[in-house]
Amino acid sequence: MTDSRSRHRSFVVMGVAGCGKSSLGAALAAALALPLVEGDDHHSAESRAKMSRGIALDDADRAGWLDRLGAELARHAAQDGGAVLSCSALKRAYRDRLRAACPGLRFVFLDLDRDEALRRVASRASHFFSSSLVDSQFATLERPEAAAEPDVLTLPATLPIEALCAAVVTAPVSVAGVCR
Ligand SMILES: Nc1ncnc2c1ncn2[C@@H]1O[C@H](COP(=O)(O)OP(=O)(O)OP(=O)(O)O)[C@@H](O)[C@H]1O
Ligand SMILES: O=C(O)[C@H](O)[C@@H](O)[C@H](O)[C@H](O)CO
């Protein structure tokens with residue numbers, strides 16, 4: 001486990017399905033020359049099958065997945081100086097689980113409204129995630145409030161990827177706030 005935030009740069013790009021966490025995660029990893037961890041790649045086969053059948057994951061489905069992601073973050077923090085993880089991290093408890101595995105973790109919350117999330121998810125015909133699950137993502141989401149959670153940068157998910165990436169790269173290390 002790494003406990004000195006000054007020795008690693010570890011980010012989670014989070015939010016509901018379709019918010020752009022995979023797109024921004026990839027851009028940020030490239031910009032910072034950090035490894036990219038795609039959260040969806042670490043879901044169990046059962047969880048992926050569930051989601052493609054239109055059944056939302058629950059806390060039990062996500063527990064092992066979050067532990068695997070936390071272990072990946074800790075490993076990259078120690079070996080590579082950090083990483084960028086794209087991960088829904090919808091609940092505060094999920095984010096705290098990742099923070100416990102990798103102290104000093106920074107979160108980027110891509111804030112998107114329901115209609116735009118639905119539009120984006122429905123337009124990806126081949127993706128495993130069923131668009132019928134978009135409402136459950138919003139029902140599960142506990143928005144990270146900057147005053148209550150450390151190291152969260154909230155950005156409007158409708159900005160161009162380049163602008164989002166620049167906002168993260170130039171944000172102060174201890175940033176906790178909302179950019180508009
Ligand atoms: N900032 C953006 N502006 C406009 N479109 C975007 C933006 N970010 C992502 N998109 C588009 O939205 C769709 C979803 O993007 P992406 O797969 O990165 O989101 P995601 O949050 O990882 O979704 P999921 O978790 O469901 O895989 C894609 O078609 C992508 O091109
Ligand atoms: O916690 C969850 O419900 C999942 O991680 C989802 O958010 C999806 O896997 C993702 O958004 C689709 O790509």
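This is a predicted model: local features need pLDDT of at least 70, side-chain atom pairs count only at pLDDT 80 or more; totals for chains, interfaces and linings use all residues.
Reader: Hi! Which residues of helix α7 are buried?

Author: In α7 (residues 161-170), the buried ones are Leu164, Cys165 and Val168. Buried is defined as 20 or more other C-beta atoms within 10 Å of a residue's own, exposed as 12 or fewer, and partly exposed as in between, with C-beta atoms placed from the backbone. Helices are DSSP runs of H or I with at least four residues, strands are runs of E with at least two, and both are numbered from the N terminus. Residues are numbered from 1 along each chain as its sequence is written, and chains are lettered from A and ligands numbered from 1 in the order in which they are written.

Reader: Zooming out, how many helices and strands are in the protein?

Author: Seven helices and six strands. The order along the sequence is β-α-β-α-α-β-α-β-α-α-β-α-β. The radius of gyration is 15 Å, close to the 16 Å from the globule rule for 180 residues, so the protein is as compact as a globular protein of that length. That radius is taken over C-alpha atoms, and the rule is 2.2 Å times the number of residues to the power 0.38.

Reader: Which residues have the most contacts inside the largest nonpolar core?

Author: Val12, Leu73, Leu98 and Val108, in a core of 48 residues. Helix α3 (residues 59-80) gives the most to this core, with five residues. A nonpolar core here is a set of buried Ala, Val, Leu, Ile, Met, Phe, Trp, Tyr and Cys residues joined through C-beta atoms within 7 Å.

Reader: Say I click on Val12. What is it in contact with?

Author: Leaving aside neighbours within four places in sequence, Val12 is in contact with Leu85, Cys87, Ala89, Leu98, Leu105 and Phe107.

Reader: New topic, the ligands. How many residues surround ligand 1?

Author: There are 18, and the closest are Ala17, Gly20, Lys21, Ser22 and Ser23. A residue belongs there if its C-beta atom, placed from the backbone, lies within 6 Å of the ligand. Helix α1 supplies the largest share of that shell, three residues.

Reader: And which residues surround ligand 2?

Author: Ala17, Gly39, Asp40, Leu57, Arg62, Ser88, Leu90, Phe129 and Gln137.

Reader: Last one: is Asp151 buried or exposed?

Author: Asp151 is buried, with 21 other C-beta atoms within 10 Å. The residue sits in the loop between α6 (134-140) and β5, and its phi is positive, about 55 degrees, although it is not a glycine. Ala33 also has a positive phi, near 55 degrees, but counts as exposed, with 9 C-beta neighbours inside 10 Å.

Terms used: Two residues are in contact if their C-beta atoms, placed from the backbone, lie within 7 Å.
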